[in-house]
Amino acid sequence: NSIDLFNLQGASYAGLEKYDDAIASYKHAIKIDPNYIDAYSNMGIALHHRGSLDAAIEAYNKAIKIDPHHPNTLNNMGISLRAQGELDKAIEAYTTAISIKPDYAEAYYNLGNAQKETNRVDDAVMSYTKAIEFETNNPDAFNNLGITLNDLGRHKDAVKSHCKAVELRPDFAEAYYN
């Protein structure tokens, strides 16, 4: 009857990509404690990986109802919303996560991706730059910043950013291509 052990079991199953088993473990933890936010949040991640985006968002909403100031859940909800093409809602989720945790590099990176997809390229540059400020070793952020800078015609800055991505990940074929 340990919610923590069922949550850990779920995480172990998720790590093995056994998402149905992970979800069952998270549901068991929730059955023991219906207000166990981590189980809802982790179940959302497993549901997302399984391809059940609506169910993932529902799990995130339940977690947020328990604690509306849980930045990881908001970031993960943004990822699922973006996967559904709900870019404005995803941007809102990332922005809320950042307002709670201002140094949240992953949320800035994800925000940049959604902004780029909505042609808010200047905003995307700022978001990628903030992501890099808080996580200086993220080759994906440097690569996406480079792509966005290139779109803005800032080719020299784009090349510098791609070079940094390759420096951080020497086998990063996409960054070499860009």
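Tyr108 counts as buried in this predicted model, at 12% relative accessibility. The structure holds two aromatic pairs. In one of them, the ring centres of Tyr108 and Phe134 are 5.9 Å apart and the planes meet at 25 degrees, so the pair is stacked.

- Tyr108 belongs to helix H7 and Phe134 to helix H8, so their pair ties together parts that are 26 residues apart in sequence.
- Phe134 is partly exposed, with a relative accessible area of 33%.
- Tyr109 and Tyr128 form a tilted aromatic pair, with 6.0 Å from centre to centre and 50 degrees between the planes.
- Tyr109 lies in helix H7 and Tyr128 in helix H8, so this pair ties together parts that are 19 residues apart in sequence.
- Tyr109 is buried at a relative accessible area of 16%, and Tyr128 is buried at 1%.

**Charges over rings**

- Lys101 lies over the face of Tyr104, 4.7 Å from the ring centre.
- Arg169 has its charged end over the ring of Phe172, at 4.1 Å from the centre.

**Positive phi in loops**

- Most residues other than glycine have a negative phi.
- Glu17, not a glycine, has a positive phi of about 65 degrees; Glu17 is in the loop between helix H1 (3–15) and helix H2 (19–32).
- Glu17 counts as exposed, at 59% relative accessibility.
- Asn119 is not a glycine either, and has a positive phi of about 60 degrees; the loop that holds Asn119 runs between helix H7 (105–117) and helix H8 (121–134).
- Asn119 counts as exposed, at 65% relative accessibility.

Terms used. Residues numbered from 1 in each chain as written. Predicted model: local features only at pLDDT ≥ 70, side-chain atom pairs only at ≥ 80, totals over all residues. Heavy atoms only, no water. Helix = DSSP H or I, 4+ residues; strand = E, 2+ residues; numbered from the N terminus. Buried < 20%, exposed > 50% of the residue type's maximum accessible area, 1.4 Å probe, protein only. Phe/Tyr/Trp six-rings, centres within 6.5 Å; stacked < 30°, edge-to-face > 60°. Lys NZ or Arg CZ within 6 Å of the ring centre and 35° of its normal.
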